[in-house]
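The following note sets out points on the fold, the helix packing and the aromatic residues. Please read each point alongside the coordinates.

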Amino acid sequence: MRMSAAMFSSFRCKTRSSKVMLRRGRKRRRRIEDALVAPEIPLDLLIEILTKLPAKSLMRFKCVSKLWSSLIRSRFFSNCYLTVKTPRRPPRLYMSLVDHLLCNSLMVCHYPCESVLLSSSSSAESLEQNLTIAGMGGRNMVVLRGFILYVVCRTASIYNPTTRQSVTLPAVKSNILAQKSHWNSLLYFFGYDPVLDQYKVVCTVALFSKRLKRITSEHWVFVLEPGGSWKRIEFDQPHLPTRLGLCVNGVIYYLASTWKRRDIVVSFDVRSEEFSMIQGPLKLSAFSESVGFIEYGGKPAVFDYTIMKQTGLVDLWVLEDAGKWSRKSLVLQSCQMHLVDNDIEFNVEGTTQNGEVILAPETIISPYYILYYDLQKND
């Protein structure tokens with residue numbers, strides 16, 4: 001069958017019209033798809049948005065894409081997240097309840113018992129169990145940059161409350177703990193080097209006589225990285241740590257005693273892994289139960305509340321440059337004396353982000369309340 005010229009011309013026009021309509025339809029669909037699909041967010045803007053979100057939301061958003069997952073899990077993002085202050089992430093208060101006697105075993109726990117970690121916003125009027133994790137937590141808890149170091153049966157563990165993951169460090173193979181003696185000590189300290197972006201755990205093991213006439217100590221360092229192991233650090237000045245330490249600007253500080261002096265501050269540079277000793281405030285014993293070791297104004301400080309209950313007087317000793325100490329005396333207001341004028345024994349547990357000293361009862365009592373002492377306002 002032969003097509004006439006008129007028929008061919010009509011067919012060609014219809015074909016062109018169909019193609020034009022098809023192209024228009026495709027363009028229209030593209031415009032609709034472009035309107036529905038948001039443009040790609042620049043990486044710097046994405047990081048800024050994510051750092052302002054709660055930790056629980058970040059854990060859910062790891063499922064959005066591989067890019068989001070790798071970004072949220074990266075060390076770079078973690079450091080950015082920790083430096084951003086937002087009202088959506090109020091400071092948290094952690095409490096560890098342990099029904100566990102300290103055993104002498106370094107390898108196997110012979111008396112396993114219950115432990116639970118409680119968490120609450122520090123602005124709450126009461127401690128709510130909104131983060132209750134059985135089996136987590138232990139003695140001598142140290143919180144550093146969102147990680148928690150705790151000890152169970154002389155073995156240290158690192159816990160991340162955001163991811164709810166825990167890593168147990170291998171036991172320290174100390175030579176002096178193999179010696180038979182009832183007077184021994186093992187303390188862990190947690191430090192961070194901001195230059196190399198490294199976390200390290202320091203373990204000091206000490207063997208001592210009853211009156212500290214003889215002290216033998218060993219020092220071990222563990223770098224928190226894949227394949228890490230304990231490395232012994234030599235330090236020729238034996239001492240006995242008496243308090244949990246704190247890390248300030250890449251340096252770990254803790255109170256200690258030697259056979260000659262009872263008022264020593266030991267410092268450990270996290271990056272160079274070198275120890276040094278600093279003379280503590282005069283007439284201050286590192287064994288005093290009414291002395292707290294805190295961070296004040298970005299510097300190590302000794303909080304002496306020995307006579308706080310009797311007179312309301314508190315002495316604050318701040319370690320300045322060149323190892324010098326400055327003293328600041330504070331007097332509790334008379335209307336607040338009823339908070340401490342009783343038989344409750346308080347322990348200094350650290351400071352808040354605003355510089356308030358946290359004092360908590362030594363034993364579980366009812367009602368259980370925590371005091372926040374604002375050093376700036378003396379309130």
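1. Is Asn249 buried or exposed? Asn249 is exposed, at a relative accessible area of 69%; the classes are buried under 20% relative accessible area, exposed over 50% and partly exposed in between, with a 1.4 Å probe and protein chains only. Asn249 is found in the loop between strand S13 (246-248) and strand S14 (251-257). Its phi is near 55 degrees, a positive value in a residue other than glycine.

2. Basis of the note. This is a predicted model, in which local features need pLDDT of at least 70 and side-chain atom pairs count only at pLDDT 80 or more, while totals for chains, interfaces and linings use all residues. Residues are numbered from 1 along each chain as its sequence is written, and side-chain values use heavy atoms, with hydrogens and water left out.

3. Overall composition. The chain has 6 helices and 23 strands; these are DSSP runs numbered from the N terminus, helices being H or I of at least four residues and strands E of at least two. Of the 379 residues in the chain, 43% are buried. Among contacts between residues at least 6 apart in sequence, 45% join residues at least 24 apart, where contact means heavy atoms within 4.5 Å.

4. Helices H2 and H4. Two packed helices are described by the angle between their axes and the distance between the axes. Helix H2 (residues 43-50) packs on helix H4 (residues 66-73) at an angle of about 60 degrees, and their axes are 12 Å apart. Axes here are lines fitted to C-alpha atoms, for helices over the stretch in contact, and angles run from 0 to 180 degrees between N-to-C directions. H2 is therefore oblique to H4, given that angles under 35 degrees count as roughly parallel, over 145 as roughly antiparallel, 65 to 115 as roughly perpendicular and the rest as oblique. Leu43, Leu46, Ile47 and Leu50 of H2 make the contact with Trp68, Leu71 and Ile72 of H4.

5. Helix H5 and its surroundings. The buried residues of H5 are Phe77, Asn79 and Tyr81, and they pack against H2, helix H3 (55-61), H4 and S8. Tyr81 and Thr51 are 30 residues apart in sequence, yet 4.9 Å apart in space, C-alpha to C-alpha. Thr51 lies in the loop between H2 and H3 and is buried, with a relative accessible area of 4%. Ser78, also in helix H5 (residues 75-83), is partly exposed at 29% relative accessibility.

6. The charged end of Arg145 in turn sits over the ring of Tyr192, 4.0 Å from its centre; the criterion is NZ of Lys or CZ of Arg within 6 Å of the ring centre and within 35 degrees of the ring normal.

7. Aromatic residues. The whole structure holds 12 aromatic pairs. One of them, Tyr192 with Tyr199, is tilted, at 4.7 Å centre to centre and 45 degrees between the planes. Rings of Phe, Tyr and Trp (its six-membered ring) pair if their centres lie within 6.5 Å, planes under 30 degrees apart counting as stacked, over 60 as edge-to-face and the rest as tilted. Tyr192 is buried at 8%, and Tyr199 is buried at 6% relative accessibility.

8. Asp197 has phi near 55 degrees, a positive value in a residue other than glycine. Asp197 is placed in the loop between strand S8 (184-193) and strand S9 (198-208).
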